[in-house]
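Please find below a short note on selected local features of this structure. It is intended for a colleague who has not examined the structure before.

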Amino acid sequence: MIKPGFETLKLGRKPEGRTLLTADWVLGHHDGSHRLVPRGEVVFDNGEILFVGQHFPGEVARRVDFGKSLISPGFIDLDALSDLDTTILGIDTHPGWSKGRVWPRSYVDAGPYEMYMPEELALQKRFAFGQLLLNGITTAAPIASLFYREWGETIAEFDAAADAAGELGLRVYLSPAYRSGGMVLEKPGQILPVFDEQRGLRGLEDAVGFIERQSGRHGDLVRGMLAPDRVETCTIGLLQRTNAAARALGCKIRLHMAQGIMEVETVRALHGSTAPVWLATNGLLSERLIAPHATNATDEDLRLYAANGVSIVHCPLVSARGGNTLNSFSACRTRGINIAMGTDTAPADMLMNLLVGLMTSRINDGAPDRIRCADLFDAATLGGARALGRTDLGHLSSGARADIAVFGLDDVIMAPSIDPITTLVAGGSGRVTRATFVDGRPSMLFGEVAGVNMRSARDRVQQQFDGLVAKYPERSWAHPPVAEIFPPSYPIESSAHG
Ligand SMILES: [Zn+2]
């Protein structure tokens, strides 16, 4: 059903003149916090918000009514799924080292290779960006696994990713991930790091060149962020140079740490402390640092994060599925740590993550009253913007960028509807996202994404993912067949039983 006004919005095209969006609810912003505005209006022109409130007094070129919906700031995803997720292969298959999650020595000695062709790498990014837009995510700092790469990410792939962000209309913080080391399975259960410092430094150089060339492109949708891959695969030299480069570029650094037992044990063996303590000792903790996931952070680690202004990226779905949680969301807030959110895994559904985040925090707290749905919503909007140092993102106010998500409140899967934020967080599904605007441009309208046909892309990426799975025996310990690495949930039978 097309309501009046929608026909003047063209998918993927910035509208001419002022656009007024209205709905039963608008999430505005006042005095430092979000505010619910009934029958509110958001007016923007050329990507900038001019007005948020009721009864806009000026002229507009179009007026679009989303009815029983919430017009919200788009989500900011700082560990945004940007490949065909391989961690889901490990949901029911353990331990990870025997299931192709760590390179065995035989694979390293044979020479690791790229498991996807360049065009496949480009397509999976484009498809993943479409998934983010379908879930109301307007800003993304992409993350992808390096397990299936020859070493780090490539410039060609990220040039393609920057173009995809421009064509689809997604705000991104990008550069190819690099590392000076990798984890190698030397024998069953024994995982040790191997280092190649020069390779890491070359990766940093490539990333800096990429940012210098790409930052500000596509109407400033593309900006840079340095992304050394996980702390246990970085040398102190690489991290020091990364910090200096980020300072010179004026960009942030994302570094996974305090996120897993393998990391904690490896860093302790190499440096005699936890990763946050190691970095603090070297003067590398600062507001420049964005650190997923903090699920294995000690009290001291969290104290150092708070004291140095480090932002956490909380990705509750992937953590909880692996039997891990941030302990706890509410405790980190009380310490004054800025918390942003990330999707990290499939499905790239921020609302689902907010629900899992609410539940896991309450389980850790042993109480239901230390956080509210709005606290999670804050993290996915204001927390992300703060981590990026962007005062013009994460809220709907005049002068901010028009990065907007529209969520249906009358969906049959979310009935009954109560308070809009509680309804969306408790509902836990991004499938109610009706529209996503980035810089005032409709990038997703009613399930259609600008710049990519998600249906046909879905078929193609499934084929390439099936090809990747077929190669798992080559990079799994003792090279068992696929059926043994990933056995079916139930025995497969082809004959009927009575
Ligand atoms: Zn992550």
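Predicted model: local features only at pLDDT ≥ 70, side-chain atom pairs only at ≥ 80, totals over all residues.

1. The largest share, six residues, is supplied by α15. In terms of domains, at least three lining residues come from each of domain 1 (1–74 + 395–452) and domain 2 (75–393).

2. By residue class, the lining of the second largest pocket contains 16 nonpolar, seven polar and eight charged residues.

3. Two cis peptide bonds deserve attention when the backbone is inspected. One joins alanine 346 to proline 347, with omega near 0°; proline 347 sits in the loop between β18 (339–341) and α12 (350–365). The other runs from alanine 415 to proline 416, again with omega near 0°, and proline 416 belongs to the loop between β19 (404–408) and α14 (420–427).

4. Arginine 230, a residue other than glycine, has a positive phi, near 40°. This arginine 230 lies in the loop between β14 (222–226) and α6 (236–249), and it counts as partly exposed because its relative accessibility is 24%.

5. Alanine 294 likewise has a positive phi, near 65°, and is placed in the loop between β16 (289–292) and α9 (299–308). Is alanine 294 buried or exposed? With a relative accessibility of 3%, alanine 294 counts as buried, since the cut-off for buried is under 20%.

Technical notes:
Residues numbered from 1 in each chain as written. Heavy atoms only, no water. Helix = DSSP H or I, 4+ residues; strand = E, 2+ residues; numbered from the N terminus. Nonpolar A, V, L, I, M, F, W, Y, C, P; charged D, E, K, R; others polar. Domains from an automatic or database assignment. Buried < 20%, exposed > 50% of the residue type's maximum accessible area, 1.4 Å probe, protein only.
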